[in-house]
Amino acid sequence: MDSVKTNLVGAFGSSISTLSRALSNDTRGFEKSYRTFLTSLVLLVTIFTLALSSGWIRKFVAAMIDKSKTAVLDMSVKQRKKSKEEVPPGSLGLPMVGDSLRYVNAYYNMTIKSYVDEKIRKYGPVFKVSLMGSPSVFLDAPAGTKLVLSHNEMKWTKGWWPKPVRELLGKHALSSQYGDEYLLHRNLVMKNFLDIDVVHQYISTMEKKAVKHIDKYWLALEDGSEVKAFKLMNVFSFSLITQLILGISNEKDIIDFNEVFHDMAAGLMALPVNLPGFQYWRSLRSRKLINQMLNVHIEKRRQDLKAGRASPTQDLLSVLLSTPNSEGHFLTSDELCDSLLQLVFGGHDTTAAMLTLSLRLIKEDPAVYEELKQEHATIAASKKPGELLTKEDLWAMKYTWRVMQEVMRLYPANQVMFREARITFEHHGYTIPKGWKLCFTNANSSWDPKFCKDPEKFKPSRFNEDKEKMPPWIHFPFGAGHRICPGQDFARVELLIFLHHFLRKIDWTVLVPNEKIEYRLLATPVNGTPIKITKIRC
Ligand code: HEM
C-alpha cells in the first residue's frame, strides 16, 4: 500500500511542483513561471480537444469499459469453472459415523445394489459418502474404474481397507503396504509362490490333497447323508493352504489353527471397538495368539533349516526364510507373520466360498450340471488309471472355468473394493481430493443390466467365447491394476482340480435352495449350505 502511495505521489508530484513554482512569489521568475504555466495549460486543453474530436478519448473510455466488462465475464467463467471443480455430489452425513452403518448393513446383507442405485438416482453416477470416518467416492463403471485402476497405482492411489482389516491383518500384510515396500514384498511372494509357473508345480500336491479329502470326508459317508458343504470346503482349502505355506499337516494343529484363525477373521467386519465383550476385542486377542503360534513355528523352522532338518523349498515359509527380496532383505519374524497370515486368509475362505456357492448354483440348472459332467468325463477318459492331471488338462476345463466366473460374478469376493487417492484428480469435471477413498462396486458394473443382460441369472454361457462380451472394466473378479489378486492362478488351479474329482465322485441335492448369503467380509452362506449326497459309482 505504501509503495502505491509513493508512486501516486511521484506521478502527480512533478506537475504540482510546476504549478506551485509558477505561483511562487519569486518576482524574478514570476513572469517566466506564469508564461510556462499558461503554455502548459493551453497545451493540455489543445491535446484534450484534439483527442476528443478524433474520438481517441471515446475509444480509450470504450476500451476501459470493454476491459472491465471482460474482467467481469472472466470472473463469472472462473466462478463457473470453480463450480465444476467441486467434489462429487452426495452427503457426508454425520461426523465420523457418516453413512457407515447403512453401508455396512447393505454390504453384510448383500443389498449393496439397492444402496448404490438409490444414491445414483439421487446424485448421479459419481457420488460421495462418508464411510468409516473417511470421505469416499463411488466411481462409475467402466470410466471411473478404468481411470483409476489402469493408472500407475504407485503415483495415483494406494490400497486401502477399513481399520479392522488393516489392524487384524497387520501393517506388513500386502494389502496394508504401498510404494516400494509393497512392490518388493509382492515381487518376493509372486516369484516364490504365486506366479503361474510356480503354481503349476503344485498341481500334483493339490490333486493328491483333493482326492484324499474327498475320500476321507465325503466318500466315507453313507448315501443320503446330509453335510454342511461350506464347513467341508473350508476344511479342504484351509488344510491345503496351511500345508503349502506353513508346512502344517498335523490334523490337530490344523483344527486348532483354523479355530483361532476364524475367531480373528470374525472381527474383520466388526465395529472397531477394542473393549471386552466386543467381537473386535476378541479378534485382536486371537490375532495375538496367532502371532505367538506363528512365531514359535517360524523359530523352530529357522533352527530346522540351520540343522538341515528342513528343506529350503518345502513350503513358502522355508523359501522366505532362505530367500531375500531383490534388495537383499530377509523378512523379519513380524513381517513373516503378517505376510503369511494374509496369504492364509486370502487363500482359503475365498476358494471355500466359491466351491460351496458353485454346488448351489450348478444344481439350479440341470443343463449346466450335465455339461460340466461331460467336460470332466472327457478329460478323465483321456487319462490312464492313476495318471495325474496336467496343466493342459486344466486349460481344457473351459466350461468349468466359465461356471466359476459366473459364480464369482454373482458372489464376488468383495462387493466393494477400495483405493485411497494419493493425488487430487479430476473425473467427469469433479475434483476428487487427495486422501479420499475411491470405491468400485459390482452394483454399477457386472450386476447392472446396462452391461450384463439378466444380471441376476446364473448363466455361465455369458462367458462363452462366441458370446457378446461384457465391456472391459465390468467384470474383474480378482480385482485389477497393480493390486490384482496375486493368488488368481493358485485359485483357478485349486478350484478346477477339486471340482474335477468332486463331480466325478459325488452327486448332491441342495437342501436350502434360497439360502441367505451374508458378507462377513467374504460371502458366507448362513446355513453352511446343507446338501444331501449320493456317491457316484463309475
Ligand atoms: C476364488 C478365489 C479368490 C478370489 C475371488 C480373490 C479375489 C481377490 C480380490 C478381488 C482382491 C482385491 C484386488 C484389488 O484390490 O484389486 C484380492 C486380493 C488379494 N488376494 Fe485374492 N482372491 C482369491 C484367492 C486368493 C488366493 C488363493 C490367494 C493366495 C494364495 C489370494 C491372495 C490375495 C492377496 C494377498 C490379496 C491382496 C493383494 C494386494 O493388496 O496386493 N487370493 N483377491
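Visitor: Is Lys119 buried or exposed?
Guide: In this predicted model, Lys119 has a relative accessible area of 8% and is therefore buried.

Visitor: Which side chain meets that of Lys119 in a salt bridge?
Guide: The partner is Asp99, and the N to O distance is 2.8 Å.

Visitor: What else is in the loop between α3 and α4?
Guide: Pro89 is found there. Its relative accessible area is 24%, which means that Pro89 is partly exposed. In space, the C-alpha atoms of Pro89 and Gly124 are 7.8 Å apart, while 35 residues separate the two in sequence.

Visitor: Back to salt bridges. How many does the structure hold?
Guide: There are 23. One of them is formed by the side chains of Asp304 and Lys300, with an N to O distance of 2.9 Å.

Visitor: What is the N to O distance between Asp454 and Lys457?
Guide: Their side chains meet in a salt bridge at 3.9 Å, N to O. Asp454 counts as partly exposed, at 26% relative accessibility. Lys457 is likewise partly exposed, with a relative accessible area of 43%.

Visitor: Which residues are joined into a network by salt bridges that share partners?
Guide: Lys158, Glu420 and Lys437 form one such network.

Visitor: Which of the residues around the ligand come nearest?
Guide: There are 27 residues around the ligand, and those that come nearest are Tyr182, Arg186, Arg419, Arg483 and Cys485.

Visitor: What do the arginines do there?
Guide: Each has a polar side-chain atom facing a ligand oxygen at a stated distance. For Arg186, a polar side-chain atom lies 3.0 Å from an oxygen atom of the ligand. For Arg419, the distance from a side-chain N or O atom to a ligand oxygen is 2.8 Å. For Arg483, the distance from a polar side-chain atom to a ligand oxygen is 3.0 Å.

Visitor: Which protein atom is the donor of the iron?
Guide: The SG atom of Cys485 is the only protein donor of the iron atom of the ligand, at 2.3 Å. Cys485 lies in the loop between β8 (437-441) and α21 (488-505).

Visitor: Which contact does Asn464 make with Arg402?
Guide: The side chains of Asn464 and Arg402 are joined by a polar contact of 3.3 Å. Asn464 also lies in the loop between β8 and α21. With a relative accessibility of 18%, Asn464 falls under the 20% limit and so counts as buried.

Visitor: New topic, the backbone. Where is there a cis peptide bond?
Guide: A cis bond joins Ala141 and Pro142, with omega at about 0°. Pro142 is part of the loop between β2 (134-138) and α6 (143-149). Most peptide bonds are trans, and most residues other than glycine have a negative phi.

Visitor: What is the phi of Met132?
Guide: Met132 has a positive phi, near 50°. The residue is in the loop between β1 (127-131) and β2. With a relative accessible area of 31%, Met132 is partly exposed.

Visitor: And what is the phi of Thr529?
Guide: Thr529 also has a positive phi, near 55°. Thr529 is placed in the loop between β11 (522-525) and β12 (530-535).

Visitor: Is Thr529 buried or exposed?
Guide: Thr529 is buried, because its relative accessible area is 2%.

Notes: Residues numbered from 1 in each chain as written. Predicted model: local features only at pLDDT ≥ 70, side-chain atom pairs only at ≥ 80, totals over all residues. Heavy atoms only, no water. Donors = N, O, S within 2.8 Å, 3.2 Å for Na, K, Ca; no water. Helix = DSSP H or I, 4+ residues; strand = E, 2+ residues; numbered from the N terminus. Salt bridge = Lys/Arg side-chain N within 4 Å of Asp/Glu carboxyl O. Buried < 20%, exposed > 50% of the residue type's maximum accessible area, 1.4 Å probe, protein only. Polar contact = N/O pair within 3.5 Å; in protein donor to acceptor, adjacent residues only side chain to side chain. Near = heavy atom within 4 Å.
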